[in-house]
Amino acid sequence: MSYRDLLSRWGIEISRPMLRLALTHRSFAYEHDEPHNERLEFLGDSILGLIVAEKVYREYPEATEGDMSKMKIGSVSEVALADIARHLDLGDSIRLGRGEKIDGGRDKDSILSDTVEALIAATYLEHGMDATREVVERLVAPKILEARNLGPNFDWQTKFAEMTRDAGIEGTLTFEFSSEGPDHARVFTAIGTMDGRTWGQGTGTTRKKARHKAAQASCAMLEAELASKSAGSQASRGAEASPAVAAASKAVDTSKVTQTAAGSEPS
């Protein structure tokens with residue numbers, strides 16, 4: 001996709017030098033001795049948070065502080081921003097180093113979400129807050145609504161705790177962390193554990209992001225396990241009921257035969 005196509009989807013013009021900077025991942029920068037987009041990402045993260053917080057405050061006057069926090073966190077999360085980036089086909093335009101291209105960097109949540117934040121900062125620096133607010137609100141409005149409708153589901157640690165409590169499972173999900181790679185490209189891995197059992201695993205550019213994904217994976221595992229147990233329980237109840245059903249059916253058939261025979265006798 002050309003820069004022109006990308007800007008058409010983004011909804012506002014950005015100068016070529018600023019756009020190139022916003023799209024330059026550190027892996028490309030280190031290979032070509034160019035600046036990368038991490039400073040823009042830092043600024044864009046703050047701008048995004050402010051715009052979303054203001055929108056939630058303004059448009060949901062009935063929401064509590066906790067509700068507003070959930071909507072904000074859910075709509076600016078790495079997963080939400082990566083989904084926005086995919087909708088824009090942003091991955092094709094990101095400038096990546098050779099290794100990151102091979103590793104599938106164009107579809108990594110962390111890279112996609114960071115680039116969205118960098119583009120937000122680039123828009124702000126060239127057009128100011130009003131224009132940036134218009135772009136951001138258009139892009140994240142569906143995510144805010146989604147987070148509102150999902151309630152606590154995006155807070156996967158809380159969701160896991162609720163699911164285990166409802167299922168009568170005791171324990172608290174904790175995480176073990178490891179990391180690899182150089183300081184400028186470190187990747188963290190989190191593994192969820194509870195009472196000696198391993199649950200979900202997740203990776204991210206920060207411990208927080210890795211933990212979030214591990215908690216989400218843990219919820220998916222638990223949900224599948226509970227569904228499987230429920231299906232097995234229903235099948236077992238059906239099997240237990242079969243002899244009784246068969247006996248009742250036989251009794252009905254016998255009754256019908258008796259009635260038929262009686263009806264055929266002469267009066």
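Helices (H or I, at least four residues) and strands (E, at least two) are DSSP runs, numbered from the N terminus. By that count, this protein chain comes to 10 helices and 3 strands, and Leu6 has its place in helix H1. Residues are numbered from 1 along each chain as its sequence is written, and side-chain values use heavy atoms, with hydrogens and water left out.

**Overall layout**

- Reading along the sequence, you get the pattern α-α-α-α-α-α-α-α-α-β-β-β-α.
- Of the 267 residues of the chain, 37% count as buried; buried means under 20% relative accessible area, exposed over 50%, and partly exposed in between (1.4 Å probe, protein chains only).
- A contact means heavy atoms within 4.5 Å. Among contacts in the chain with a separation of 6 or more, 58% come from residues 24 or more positions apart.

- The chain averages a pLDDT of 84, and 84% of the residues score at least 70; pLDDT is the predictor's confidence in each residue, from 0 to 100.
- Among the elements, helix H10 (residues 207-264) has the lowest mean pLDDT (66), while H2 has the highest (97).
- Over residues 248-267 the pLDDT is below 50, and beyond near neighbours in sequence this stretch has 0 contacts in the model.
- Where pLDDT is low, the predicted coordinates should not be read in detail.

**The nonpolar cores**

- A nonpolar core here is a set of buried Ala, Val, Leu, Ile, Met, Phe, Trp, Tyr and Cys residues joined through side-chain atoms within 4.5 Å.
- The largest one has 42 residues, and Trp10, Ile14, Leu19, Leu48, Leu90, Leu119 and Val140 touch the most other members.
- Helices H1 (3-10), H2 (16-22), H4 (38-59), H6 (78-87) and H8 (109-150) each supply at least two residues of this core. H8 gives the largest share, 14 residues.
- Leaving out residues up to four places away in sequence, Leu119 touches Trp10, Ile14, Leu19, Ala22, Leu23 and Leu90.
- There's also a second, separate core of 13 residues, and it includes Phe188, Ala190, Met194 and Trp199.

**A pocket and a cavity**

- Both come from a 1 Å grid over the protein atoms alone: a cavity is a set of points where a 1.4 Å probe fits but cannot get out, a pocket is an open set with protein on both sides within 12 Å along at least five of seven lines, and lining residues have an atom within 4 Å of a point.
- Grid points are joined across faces, edges and corners, and a volume is the space filled by probe spheres set on the points.
- The second largest pocket has a volume of about 400 Å³. Its lining is 22 residues, with Glu100, Lys108, Ser110, Ile111 and Val187 nearest its centre.
- Helix H3 (26-32), helix H7 (98-102), H8 and strand E3 (197-204) each put at least two residues into that pocket's lining.
- By class, that lining has 5 nonpolar, 9 polar and 8 charged residues; Ala, Val, Leu, Ile, Met, Phe, Trp, Tyr, Cys and Pro count as nonpolar, Asp, Glu, Lys and Arg as charged, and the others, Gly among them, as polar.
- The largest cavity has a volume of about 50 Å³, and His25, Arg26, Asn37, Glu38, Glu41, Ile111 and Asp114 line it.
- The cavity lining divides into 1 nonpolar, 2 polar and 4 charged residues, with H4 and H8 each supplying at least two.

**Residues to click on**

- Leu6 counts as buried because its relative accessibility is 1%. Its C-alpha atom is separated by 9.5 Å from that of Asp92, 86 residues apart along the chain.
- Glu137 lies in helix H8 and counts as buried because its relative accessibility is 16%. Not counting residues up to four places away in sequence, Glu137 touches Ile51, Lys55 and Arg58.
- Asp89 sits in the loop between H6 and H7, with a positive phi near 55 degrees in a residue other than glycine. Asp89 is partly exposed, with a relative accessible area of 34%.
- Asp195 is in the loop between strand E2 (187-194) and E3; its phi is positive too, about 55 degrees, although it is not a glycine. At 66% relative accessible area, Asp195 is exposed.

Key:
This is a predicted model: local features need pLDDT of at least 70, side-chain atom pairs count only at pLDDT 80 or more; totals for chains, interfaces and linings use all residues.
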